[in-house]
Each structure stands twice: as structure tokens, then as C-alpha cells.
Amino acid sequence: MASNCPHCKDRSLNHSRIEADLPALSCDGCGGSLLSLLAYRHWRESQPAQVHTDADAADAPLTEVKDTSIALCCPKCQHFMTKFRVSADARNQIDLCVHCDEAWLDRGEWQLLDRLALAGKLTQVFTQPWQNRVRSTEAERRAEQRWSERLGEHYERALQTREWLRDNPDAREILAYVNQVRDDIPL
Ligand SMILES: [Zn+2]
Ligand SMILES: [Zn+2]
């Protein structure tokens, strides 16, 4: 039975390949692909240990990436798919049907994974530790952004000083010394 595109709904999915030896079902309308994690794991195991180096990834051309923000229904079982953030560096979310183990990649999302050197780690993206890490990285960045706004022109220097102290075995002594200035600062 032909499955329809979860995005376009009235278009059927056709057999395609997102890599030479990685089959998927794709939609000619929106360019999205339904990827079976079973097929993905099979493909992953046939790849060398490192699919791409980070350097390769940075050079890869970035095609236009679409991202579906609305909830999608799995083309196979019609259950709602679950959205997973890929990385703190990309707003994109990949939809996964947890019943069928089928992932929906919007147009360009496979290339995006490739570019972020995550093409070999797709199944890790769907784990709680991965999702927690994306969230904590984002929280750290927001906190850093607030500090940057508070400190303004002093931020760069404060950041450098903090990083210098972070790995400094004498950091406590240095801070004790620097802290003396507190008594001289008017409230
Ligand atoms: Zn479509
Ligand atoms: Zn399903």
C-alpha cells in the first residue's frame, strides 16, 4: 500500500535514495523523505567508523532546509510523530514515529545532518541524553547572552578573564587578590 506524504497529504511517497545505498520514501512535492531507522542502522553499519570528518562537514554545501513546525502523522500508522531537536546550532526538528521507527526528514535535513557531522548519529538524536544536552547548551547560551547584554563593552574581556581563570591552578589566590577591589567600589 502506498503511503502518502505526511506534509502534503495528497501526494504519495516514492522509493528513493538519500545516499547511494540508503533507501527511503520521498515526496516529489515537498522534497521530504521518510527514512526507516532499520534501513538507517543497516546503512550506518556498512559505513566506515567515521562517516564524515568535521572538516568535510563544514565544506558541504548547505541546501535550503525546510522545517515542519506543525505536528505530523506517521504515513504508516497515522499516529502523531514526535519532534526531536537536532542540535543547539540548528532550529530544525526531526519527526519520529516511535511506533514504527520511521523518521521524517524535511527537504535539506539530511544534508543539514551531514553538515553538522551528525549523519552517522541520527539514532542518538532520538535519545533523552541527546535532547537534554541540546536544551542545556541552549540554556547556557541564553545565560551567556544575558551576561553579554549586562556587561556590554566589558563582556569580551570578562569572558577572556573567566576562561583564563577556569583552568588556572592558582585561580583561588588570584580571585582573593582581585576581590580586594570590592571594598573600594561604591555601592
Ligand atoms: Zn510532501
Ligand atoms: Zn508509525
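Helices here are DSSP runs (H or I, at least four residues), numbered from the N terminus. The model is a predicted one, so local features need pLDDT of at least 70 and side-chain atom pairs pLDDT 80 or more, while totals for chains, interfaces and linings use all residues. Residues are numbered from 1 along each chain as its sequence is written, chains are lettered from A and ligands numbered from 1 in written order, and side-chain values use heavy atoms, without hydrogens or water.

Helix α1 (residues 37-45) has L37, Y40 and W43 as its buried residues (under 20% relative accessible area; exposed is over 50%, partly exposed in between; 1.4 Å probe, protein chains only). These sit on the same side of α1, because they cover an arc of only 115 degrees around the axis, taken from the directions from the helix axis to the C-beta atoms. On the other side, L38, H42 and E45 are exposed.

As for F126, its contacts (heavy atoms within 4.5 Å) beyond four places in sequence are L37, F84, I94, L96 and A103.

Turning to the metal, the zinc ion (ligand 2) has C74, C77, C97 and C100 as protein donors, each through SG, at 2.2 to 2.3 Å. Donors are N, O and S atoms within 2.8 Å of the metal (3.2 Å for Na, K and Ca); water is not among the atoms, so sites may look incomplete. C74 counts as buried because its relative accessibility is 0%, whereas C77, at 26%, is partly exposed.

Key: Helices (H or I, at least four residues) and strands (E, at least two) are DSSP runs, numbered from the N terminus.
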